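Please look at the sequence and the structure shown here before reading on.

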Amino acid sequence: MAELPQAVVSGILIGSVYALLAVGLALIWGVMDIVNFAHGNFLMVAMYATFFAWSFLSLDPLLGTFVAVVVLVALSLATFYVVIRPVLRGTVLSQMVVTFGLLLLLQGGAQMLFTPSARAVVHPWLDGARFVASGVVLGGPQLGAAAVAIIGLIGLWWLLNRTEVGLAIQAVAQDRKAAEVMGVQPDRIFALTWAISGVCVGLAGAMLMNFYAVDPAVGFQFGLIAFIVVALGGFGSLRGALLAGIAMGVTQDVVGLYLPAYGLAAIFVLYLLVFLIRPQGLLGAH
């Protein structure tokens, strides 16, 4: 029976990374009501940035995190000013089309530049770490990724709830026009929101490179997971994204323990069950 506690713990660890990835998507939706279909491919860019930082600069993913975050913040800001800002006053369909087009551009560009081959970091620093507690093995790469994810989530919570910038973000999310009357500049808040999302994705991508390979199609899988986490937790709810991410990680690993071919499918079943009971998600508003 040691396999079940192992699967639960492993699910919690990877679920924390899912949550960090998803909160960036949830934040953009909550503040701007825009769905970034390219979110998963942003993660792919972060993973490639981490890989090449290791390959060319000999930077372990722990150090390559800084490279990934800088690259993703730059990409996120460029996306906002070049792609999103011009269509803010457009229809929802136009906003969806441009982010979907960006998804295709990033994936096609990665395939052209880097080929479809998978690339992985060999023997990262955390690879040699291993902790055993009550028969449950905690791998260094997974434990390190979860620790960074939790630190990132705590930092985001502090930013949103304990700083003036965070209060301004919440004000714009609740009532954009009222916030503007009070002196808050929505345009700057939107750009900042995209930058914060880039930080979350950069951290998640760098940590995943400790134990995961990257290829041009990896963004689809993780992008789909991020969307399910956000929908399961309740669109715009950061606490819901955290809870849903952990629930999905545990579900995927526990089901995968007994039915290896159906671990990923199990998270869709979980979402459907929750949707039937609470269409707004776990912590979504009515």
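Predicted model: local features only at pLDDT ≥ 70, side-chain atom pairs only at ≥ 80, totals over all residues.

Two packed helices are described by the angle between their axes and the distance between the axes. In this model, helix α3, which covers residues 61–84, and helix α8, which covers residues 186–208, have axes that come within 7 Å of each other and cross at roughly 145°. The crossing of α3 and α8 is right-handed, and the residues that make up this contact divide into 19 nonpolar, five polar and one charged.

**A salt bridge**

Side chains of opposite charge can pair when their charged atoms come close. How many salt bridges does the structure hold? The structure holds one, and it is formed by Arg85 with Asp187, whose closest N and O atoms are 3.1 Å apart. This pair links distant parts of the chain, since Arg85 lies in the loop between α3 and α4 (92–114), while Asp187 belongs to helix α8, and the two are 102 residues apart.

**The surroundings of Asp215**

Asp215 is found in the loop between α8 and α9, the latter spanning 218–233. The side chain of Asp215 reaches the backbone nitrogen of Ala217 at a distance of 2.7 Å. When neighbours within four places in sequence are left aside, Asp215 is in contact with Met44, Tyr48, Pro116, Ser117 and Ala118. Between Asp215 and Tyr271 there are 27 Å in space, C-alpha to C-alpha, and the two are 56 residues apart in sequence.

**A residue of helix α5**

Ile151 sits in helix α5, which is made of residues 140–162. Although Ile151 and Leu20 are 131 residues apart in sequence, their C-alpha atoms are 9.6 Å apart in space.

**Exposure of the residues discussed**

The table lists relative accessible areas for residues named above.

| Residue | Relative accessible area | Class |
|---|---|---|
| Arg85 | 41% | partly exposed |
| Asp187 | 27% | partly exposed |
| Asp215 | 21% | partly exposed |
| Ile151 | 61% | exposed |

Is Ile151 buried or exposed? Ile151 counts as exposed because its relative accessibility is 61%, and the class begins over 50%. Asp215, by contrast, is partly exposed because its relative accessible area is 21%, whereas a residue counts as buried under 20%.

Definitions and conventions: Residues numbered from 1 in each chain as written. Heavy atoms only, no water. Axes fitted to C-alpha atoms, helices over the stretch in contact; angles between N-to-C directions. Helix = DSSP H or I, 4+ residues; strand = E, 2+ residues; numbered from the N terminus. Left-handed = near helix turned anticlockwise from the far one by under 90°. Nonpolar A, V, L, I, M, F, W, Y, C, P; charged D, E, K, R; others polar. Buried < 20%, exposed > 50% of the residue type's maximum accessible area, 1.4 Å probe, protein only. Contact = heavy atoms within 4.5 Å. Polar contact = N/O pair within 3.5 Å; in protein donor to acceptor, adjacent residues only side chain to side chain. Salt bridge = Lys/Arg side-chain N within 4 Å of Asp/Glu carboxyl O.
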